[in-house]
Amino acid sequence: MASLLLHGAIVAAGVIALPSLDSYQVEDFESIPVELVDIEEVSARHAVSKEAEEEPAAPPAPPRIEEAEAPKPAPEAAREVEQAAREPEAEPLPELEPLEELIETAAAEPEPEPAPEPEPEKAEAEPVPLPKVKPKPPKRVVEKPKPEFNADEMQALLNKIDETDQAPPKPTEMAGTPRLAEFDSMTGSDERLAADLVDALRRRIESCWTLPAGARDAGELQIKLQFALNPDGMLSNYPLVLNASAHPAFDAAARSAQSAVKMCEPYNFLPIEKYDLWRDIILTFDPSRIFALN
Amino acid sequence: MLIASTNRVFCRLLRIMAPIALALIMAGGLAERSAQAALEVDITRGQVEPMPIALPNFLGDSPEEQQYGLDIVTVIGSNLERSGLFRPLPQASYIEKISDFDQQPRFEDWRAIAAQALVSGRLVMQEDGRLRAEFRLWDVAAGQQITGLKFVTSPSNWRRMGHLISDAIYKTLTGEDGYFDSRIVFIDEEGPKDRRIKRLALMDQDGANVRMLSDGKDLVVTPRFSPTSQQITYMSFAGGVPRVYLYDIETSQRQLVGEFPTMSFAPRFSPDGQRVIMSLQDGGNSDIFVLDLATRGTMQLTNSAAIDTAPSYSPDGRQIVFESDRDGTQQIYVMNADGSGLQRISYGEGRYSTPVWSPRGDNIAFTKMYNGRFAIGVMRPDGSGERLLTEGYHNEGPTWAPNGRVIMFFRETRGEHGGPNLYSVDLTGRNEQRVPTPGFASDPAWSPLLN
């Protein structure tokens, strides 16, 4: 249930970006089995190796939920298919059925499966609800809207400080920049506090984030995440990726950024009386200053 | 509480959404702000650390399957660790003991040991006698499967299975192609310096499965891998005459490409594997030639009074990098594949030699001699961004991993009992590793991915 709602929230987030309100489809997530992990979907593929031995095959097991959720051609999936197609040079190549079929069976199968999920229990027991029930596809879902996502608009509404991707507001700027009268309640000391919060969060997350070192041009990877915190400092939702990129390492880097935020829990060093200030957070991971090379 | 909090998130999103819709309708008109601004934080630093990954032994029903499970995980762990990008966590630290491949892991247990990724797997000896390996790669923080694959092969080929799984993990978690399912051809060296026996040898990228391809009677040097197939070229000095051979690893067939009395490096392949490029000496100078392997026709690309040698194609086949002393000392030059557009790209102190173009095109590796020392370095094809990755008494002969992120080379140690050994270093220069070989080894050449 919680997951369903969250999924709803995510889809909703996607919708925000799209100009049309019609695309707010509830059915989409309603029909998706949320918690089960597709255990069954490992598909087979064979390849022949040289030396007379048959080679391993690499069947992509499409993560059911992702695919199902994102009606879009899931760039991922496409890539996998390509790969599958070119890889095996001979071999029977058993049933490399169209990806769609795979998805269907995958989606269908897990259901009956007793897919034991320790999750639900956990969630119940824990005082901290949502964190556990991370919706699988946060990333993909948001990615799509990406191109459309009009940061300016969103930010204008939120009365944020304008930021042009490249020039992220420094903590200092932030402190000094008068907000557009939005924070009626915000006193000068609150602004300083905001700057302190930014510093504290930055330090914490930088200690958890592992740079995407393997990739070429890793310095060009910029990842923007959005999430909310509960008063106890735990994540209220698994971080959503707000931007997209054609960089081949983007998915991996985004995943590691999301992971860093999660692994950094709890953020219980933030002053509870100022919860309003740190409830909603947007992080911009920008390794460009680190990777001159590589 | 659970529901309430979920609802809160949901409601807030709705609240955010409503004004946006309004704003869109009103073309940016005044919309009432209903959400608190989010706190914006820029993260510009992080930890330069290998990613912690958990690799419990793959499951199996029979002792035999369990043994394969352990062996394959060992191969994977060693591959990932040597890449410098991953840190396999010690199995003793694992809290959850994975016992069912079809069951979702307890992610809390893996978060507790700070694993960022978890690999679970299973081995099944099929009725047809083949071995099947299945694995799932889990994002521990997100609590979800990132990928899951299945491989089938003959049991004797289990190591390759480990390499293929390693590549799949590497690619998924870094976004770059892997390089573990590849091999190295090199010159195995044995015996005292003055009577050294040199044999052509082949091994897996991690040093396993060493196989000798020649018997050591004739001197062999500078093997080169075709970028498209399991073919190599090398030079043999049988009878004192340098001959270039083309050798097919899969069929063990060898054919003579030609006799080249004054050649010192074996030819390198073009990216399509159809031609080779080489330098031929004529009197005091040498020039660059292309030889079509099918027709055996040659074409001369340079014609100078200098020594032009060690040519290497760019991965798109449109350019060639080589070394020349035409300006006085050995430097690196780039020209178009037809010999036009010559341009010098190295300008640093010292002498530059054996340039090799990266398979991903963004760098050229070279050997640099200066102050009596030898370094392995890289620069961009336009000559910018020169960096030395390692240096010392004697380093030579860089060759690229298929993904263009790791370079292998050989390093000679001084002294009567000294000799060459193989090393690898990644593009950051921080991760240098000795590559295990049975004895002394030189002239490594990295294969493309096996596929």
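In chain B of this predicted model, strand 15 (residues 275-282) and strand 16 (residues 285-292) run antiparallel and are joined by eight bridges.

I turn next to two hairpins in chain B. Strand 11 (residues 231-236) and strand 12 (residues 243-248) of chain B pair in the antiparallel sense, over six bridges. Within this pair, B:Met235 stands opposite B:Val244 of strand 12 of chain B. The hairpin has six residues between its strands, and B:Gly239 takes a positive phi near 70 degrees there.

Strand 12 of chain B also pairs with strand 13 (residues 253-259) of chain B, again antiparallel and over six bridges. Here B:Asp248 stands opposite B:Gln253, which lies in strand 13 of chain B. Four residues separate the two strands of this hairpin, and in the turn B:Ser252 has a positive phi of about 60 degrees.

Another strand residue deserves a moment, namely B:Ser424, found in strand 28 (residues 420-426) of chain B. Is B:Ser424 buried or exposed? It is buried, because 23 other C-beta atoms lie within 10 Å, and the cut-off for a buried residue is 20 or more. Leaving aside residues up to four places away in sequence, B:Ser424 touches B:Val406, B:Ile407, B:Met408, B:Gln433 and B:Val435. By contrast, B:Gln300 is 124 residues away from B:Ser424 along the chain, and their C-alpha atoms are separated by 34 Å.

Let us move to a helix. Helix 4 (residues 158-174) of chain B has 17 residues, which at 1.5 Å a residue should span 24 Å. Its end C-alpha atoms are 24 Å apart, in agreement with that expectation. Of those 17 residues, 15 are buried, so helix 4 of chain B is largely enclosed by the rest of the structure. Just after this helix, B:Gly175 takes a positive phi of about 85 degrees.

I now step back to the domains. Chain B is divided into domain 1 (51-174) and domain 2 (183-446). Taken over C-alpha atoms, the centres of these two domains of chain B are 36 Å apart. How many residues of domain 1 of chain B are in contact with domain 2 of chain B? Five are, and they meet eight residues of domain 2 of chain B. On the domain 1 side, helix 2 (residues 63-82) of chain B provides the largest share, three residues. By class, that side of domain 1 of chain B has three polar and two charged residues, and no nonpolar ones.

Finally, a word on chain A. Its secondary structure comes to 12 helices and five strands. Chain A has 294 residues, of which 50% are buried. Among its contacts between residues at least 6 apart in sequence, 72% join residues at least 24 apart. Thank you for your attention.

Key
Residues are numbered from 1 along each chain as its sequence is written. Chains are lettered from A and ligands numbered from 1 in the order in which they are written. This is a predicted model: local features need pLDDT of at least 70, side-chain atom pairs count only at pLDDT 80 or more; totals for chains, interfaces and linings use all residues. Domain bounds come from an automatic or database domain assignment. Two residues are in contact if their C-beta atoms, placed from the backbone, lie within 7 Å. Ala, Val, Leu, Ile, Met, Phe, Trp, Tyr, Cys and Pro count as nonpolar, Asp, Glu, Lys and Arg as charged, and the others, Gly among them, as polar. Two strands pair if DSSP finds at least two bridges between them. A residue is buried if 20 or more other C-beta atoms lie within 10 Å of its own, exposed if 12 or fewer, and partly exposed in between; C-beta atoms are placed from the backbone. The expected span of a helix is 1.5 Å times one less than its number of residues.
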